[in-house]
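Biologist: Hi! Could you walk me through this model, starting with a term I'll need along the way?

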Amino acid sequence: MAEKPQPVRVLYCSVCSLPAEYCEFGPDFAKCKPWLIQNAPDLYPDLIKEANAKEADKVADQLQSTGISSGGAAATPSGSTSASKEEEVKRLPGGKIKKKEKQEVVIEKVTRNKRKCITTVKGLDLFGVKLSDASKKLGKKFATGASVVKGPTEKEQIDVQGDIAYDIVDFITDTWPDVPETAIYFIEDGKKVPAT
C-alpha cells in the first residue's frame, strides 16, 4: 500500500512574507539578507560567504585604524566587496545600469489639427511637486483644461490645453520656489533650449 503524502512545510520570510527561496525576487532583498543568513543558510550559501567577507573587512579596518598591518591577503577581499556594493547600487535586475535622472523641467508645445496646441510639462515630480495638484493650479491659472497623463516613456506628465509655454515659466517659479529657473527647458525644433 502506498504511503500517504505528507504536506510540504514552507519557510516564510518574516521581512517580506515571501517563501524564503523567493526573497531575492521580493521588494527589498537587502533587508531580507540578515534574516536569511540566520534562518535559511542552506538556501543562499553566497550570502554567508558575503557576510564572512564583510566581517573580515571590519576586522581589517579595525587593525588598520589601530596601526597594525593585516597583510596583503586581507586587503584584496575588501576591494572586491566595495566593488560589489557599487554594482548593487548601479545595476538593475536585467543587468542594465540605472542612470540618475537630472532634475529639470521640460516644456514642449505640440500642435495638433494645424491650429490647436497642447503644452506638455515634464519633470515637475522630480522637485517634489505633486502632479495632480500642479495640474489643478495650472488649469485655474490659465483657465484651460489640464490633466496628468502617462507620456511615451511611461513617465507622468501634465498636458495643458493651449499655447502657454512662455507664460508657464514665471508661474512655475513663483508657485514652486524649489524649481529654479535654470532647471527649466523648452523643446524647440527638436532641441532642448534653456528657458532663461
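Modeller: Happy to! First the term: helices and strands here are DSSP runs, a helix having at least four residues and a strand at least two, numbered from the N terminus. Please keep in mind that this is a predicted model.

Biologist: Got it. What about the hairpin of β5 and β6, how many residues sit between the strands?

Modeller: Two, and there Asp 189 takes a positive phi near 55 degrees. Strand β5 covers residues 184-188 and β6 covers 191-194, and they pair in the antiparallel sense over four bridges. Tyr 185 has Pro 194 of β6 as its bridge partner, while Ile 187 stands opposite Lys 192 in β6.

Biologist: Let me zoom out. How many helices and strands are in the chain?

Modeller: The chain has five helices and six strands.

Biologist: How do β2 and β4 pair?

Modeller: They pair in the antiparallel sense, over five bridges. Look for Lys 122, which stands opposite Gln 157 in β4.

Biologist: Is β2 mostly covered or mostly open, and how many of its residues are buried?

Modeller: Mostly covered: five of the seven residues in β2 are buried. For the chain as a whole, buried residues make up 27% of the 196 residues.

Biologist: Next topic, the inside. Which residues touch the most other members of the largest nonpolar core?

Modeller: Those are Val 105, Ile 107, Leu 124, Ile 168 and Ile 172, out of 24 residues in that core. At least two core residues come from each of β1, α4, β4, α5 and β5. There is another core apart from it, with ten residues, including Cys 13, Ala 20, Leu 36 and Ala 40.

Biologist: Why would nonpolar side chains be together like that?

Modeller: In soluble globular proteins, nonpolar side chains tend to be buried together.

Biologist: Can we pick one? Which residues is Leu 124 in contact with, leaving aside neighbours within four places in sequence?

Modeller: Among them are Val 105, Val 129, Ile 158, Ile 172 and Trp 176.

Biologist: Which residues of α5 are buried?

Modeller: Ile 168, Val 169, Phe 171, Ile 172 and Thr 173. Their cover includes β1, β2, α4 and β5.

Biologist: And Ser 135, is that buried or exposed?

Modeller: Ser 135 is buried, because its relative accessible area is 8% and the cut-off for buried is under 20%. You'll find Ser 135 in helix α4, residues 131-142. Its side chain reaches the backbone oxygen of Ser 132 at 2.9 Å. Leaving aside neighbours within four places in sequence, Ser 135 is in contact with Ala 146, Ser 147, Val 148 and Ile 158.

Biologist: Last one! Where is Val 15?

Modeller: Val 15 is in the segment before α1, which spans 29-39. At 42% relative accessibility, Val 15 counts as partly exposed. Leaving aside neighbours within four places in sequence, Val 15 is in contact with Lys 31, Cys 32 and Trp 35. Val 15 and Phe 29 are 14 residues apart in sequence, and 9.3 Å apart in space from C-alpha to C-alpha.

Notes
Residues are numbered from 1 along each chain as its sequence is written. This is a predicted model: local features need pLDDT of at least 70, side-chain atom pairs count only at pLDDT 80 or more; totals for chains, interfaces and linings use all residues. Side-chain values use heavy atoms; hydrogens and water are left out. Two strands pair if DSSP finds at least two bridges between them. Buried means under 20% relative accessible area, exposed over 50%, partly exposed in between (1.4 Å probe, protein chains only). A polar contact is a pair of N or O atoms within 3.5 Å; within protein, one must be able to donate a hydrogen and the other to accept it, and residues adjacent in sequence count only if both atoms are side-chain atoms. Contact means heavy atoms within 4.5 Å. A nonpolar core is a set of buried Ala, Val, Leu, Ile, Met, Phe, Trp, Tyr and Cys residues joined through side-chain atoms within 4.5 Å.
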